[in-house]
Amino acid sequence: MDENKLFSYDWSISIYQGESVDKLRSITGEDIPIITAKDVTDVQAEFVADPFMHFSNGVWHMYFEVLNKATG
């Protein structure tokens, strides 16, 4: 690890559900990511972040940020 870096993060996305904010639980039952940079197939991703969900015509859609390693 770079001596100037105090922390190293692997950004990922998880999905939680619950009746209220204080009762949120992972939809998989485990605290593991649902989507990581390795899951992105159209570009070589550095990380994924900032997801938001949109419900349309009975289907949930997730939009999220991807940092492209090649272009930054």
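**Exercise 1. Decide whether Ser20 is buried, exposed or partly exposed, and describe where Ser20 sits.**

Step 1: Ser20 counts as partly exposed because its relative accessibility is 28%, where buried means under 20% relative accessible area, exposed over 50%, and partly exposed in between (1.4 Å probe, protein chains only). The model is a predicted one, in which local features need pLDDT of at least 70 and side-chain atom pairs count only at pLDDT 80 or more, while totals for chains, interfaces and linings use all residues. Residues are numbered from 1 along each chain as its sequence is written, and side-chain values use heavy atoms, with hydrogens and water left out.

Step 2: Ser20 lies in the loop between strand S2 (16–17) and strand S3 (25–26), strands being DSSP runs (E, at least two residues) numbered from the N terminus.

**Exercise 2. Find the strand that holds Tyr16, and state how accessible Tyr16 is.**

Step 1: Tyr16 belongs to strand S2.

Step 2: With a relative accessible area of 41%, Tyr16 is partly exposed.

**Exercise 3. Describe how strands S5 and S6 are arranged.**

Step 1: Strand S5 (residues 45–56) pairs with strand S6 (residues 59–68) in the antiparallel sense, over 9 bridges; two strands pair if DSSP finds at least two bridges between them.

Step 2: Within this pairing, Val48 stands opposite Val66 in S6.

Step 3: The two strands form a hairpin with 2 residues between them, and Asn57 in the turn has a positive phi of about 50°.

**Exercise 4. State how many helices and strands the protein has, and what share of its residues is buried.**

Step 1: The protein has 0 helices and 6 strands, giving the pattern β-β-β-β-β-β along the sequence.

Step 2: Of its 72 residues, 14% count as buried.

Definitions and conventions. Helices (H or I, at least four residues) and strands (E, at least two) are DSSP runs, numbered from the N terminus.
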